[in-house]
Amino acid sequence: MDMSRQVIIASSSYEEKYYFNEEFKDLPEAVKEDLIKIAVSFVEEVGGTFNIGFDVEDNVEIYVEASADEEDILYDEIGSRLILGRIEKEYKEFFEALTKWYTMVYIKKYTDK
């Protein structure tokens with residue numbers, strides 16, 4: 001298993017759908033619902049593609065794909081950065097708890113095998 005970067009959820013305004021990584025199916029339903037709400041509302045507001053996952057140091061990482069469609073005149077790059085900052089601040093405790101879950105439950109599950 002590649003532990004370099006783990007994506008939990010990705011959403012796309014281009015495809016008008018989201019993808020929830022089945023590797024994280026053990027997350028509580030309320031957490032899944034919050035992640036979906038965050039990801040979908042982001043792309044509805046500014047467009048592009050949006051991801052929430054874990055970086056190589058096992059910290060929550062939220063980011064917009066650099067490969068946002070070059071011809072997308074509706075994509076708001078400045079708004080995207082502002083909203084990312086707002087999400088990081090508003091959901092700080094949520095993401096800290098998610099990071100703890102990831103290191104204590106998810107990673108342990110794969111290192112104990």
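**Figure 1. Aspartate 58, in the loop between S3 and S4.** At 22% relative accessibility, aspartate 58 of this predicted model counts as partly exposed, because the buried class ends under 20% and the exposed class starts over 50%. The residue is found in the loop between S3 and S4. Most residues other than glycine have a negative phi.

**Figure 2. Glutamate 16, in the loop between S1 and S2.** Glutamate 16 is not a glycine, yet it has a positive phi of about 50 degrees. The residue sits in the loop between S1 and S2, where these two strands form a hairpin with 4 residues between them. Is glutamate 16 buried or exposed? With a relative accessibility of 71%, glutamate 16 counts as exposed.

**Figure 3. The pairing of S1 with S2.** S2 covers residues 17–20 and runs antiparallel to S1, the two being joined by 4 bridges. One of the residues in this pairing is isoleucine 9, whose bridge partner in S2 is phenylalanine 20.

**Figure 4. The four-stranded sheet.** The sheet is open and made of 4 strands, with antiparallel pairing and the order S2-S1-S3-S4. Which strands lie at the edges? S2 and S4 are the edge strands, as each pairs on one side only. From one strand to the next the twist averages 15 degrees. S3 and S4 are paired over 5 bridges in the antiparallel sense; glycine 53 has glutamate 61 of S4 as its bridge partner.

**Figure 5. Helices H1 and H2 against the sheet.** H1 lies across S1, S2, S3 and S4, and runs at about 45 degrees to S1. H2 also packs on the sheet, where it touches S3 and S4. The direction of H2 makes about 160 degrees with that of S4.

**Figure 6. The packing of H1 with H2.** The axes of H1 and H2 are 10 Å apart, and the two helices pack at an angle of about 155 degrees. Angles over 145 degrees count as roughly antiparallel, and H1 and H2 are therefore roughly antiparallel to each other. The crossing in which H1 passes H2 is right-handed. H1 contributes Ile38, Phe42, Glu45 and Val46 to the contact, while H2 contributes Gly79, Ser80, Ile83, Leu84, Arg86 and Ile87.

**Figure 7. Phenylalanine 50 and the largest nonpolar core.** The largest nonpolar core has 29 residues, of which Leu35 and Phe50 touch the most other members. At least two residues of this core come from each of S1 (6–12), H1 (29–46), S3 (49–54), S4 (60–64), H2 (77–90) and H3 (92–111). What does phenylalanine 50 contact, leaving aside its neighbours within four places in sequence? The contacts of phenylalanine 50 are Ile9, Ala10, Ser11, Ile38, Ala39, Phe42, Val43, Ile62, Tyr63, Val64, Leu84 and Ile87.

**Figure 8. The whole chain, for orientation.** The protein has 3 helices and 4 strands, which follow the pattern β-β-α-β-β-α-α along the sequence. Of its 113 residues, 42% are buried. Among contacts with a separation of 6 or more, 62% are between residues 24 or more positions apart.

Key
Residues are numbered from 1 along each chain as its sequence is written. This is a predicted model: local features need pLDDT of at least 70, side-chain atom pairs count only at pLDDT 80 or more; totals for chains, interfaces and linings use all residues. Side-chain values use heavy atoms; hydrogens and water are left out. A nonpolar core is a set of buried Ala, Val, Leu, Ile, Met, Phe, Trp, Tyr and Cys residues joined through side-chain atoms within 4.5 Å. Buried means under 20% relative accessible area, exposed over 50%, partly exposed in between (1.4 Å probe, protein chains only). Contact means heavy atoms within 4.5 Å. Two strands pair if DSSP finds at least two bridges between them. Axes are lines fitted to C-alpha atoms, for helices over the stretch in contact, and angles run from 0 to 180 degrees between N-to-C directions. Angles under 35 degrees count as roughly parallel, over 145 as roughly antiparallel, 65 to 115 as roughly perpendicular and the rest as oblique. A crossing is left-handed if the near helix is turned anticlockwise from the far one by less than a right angle, and right-handed if clockwise.
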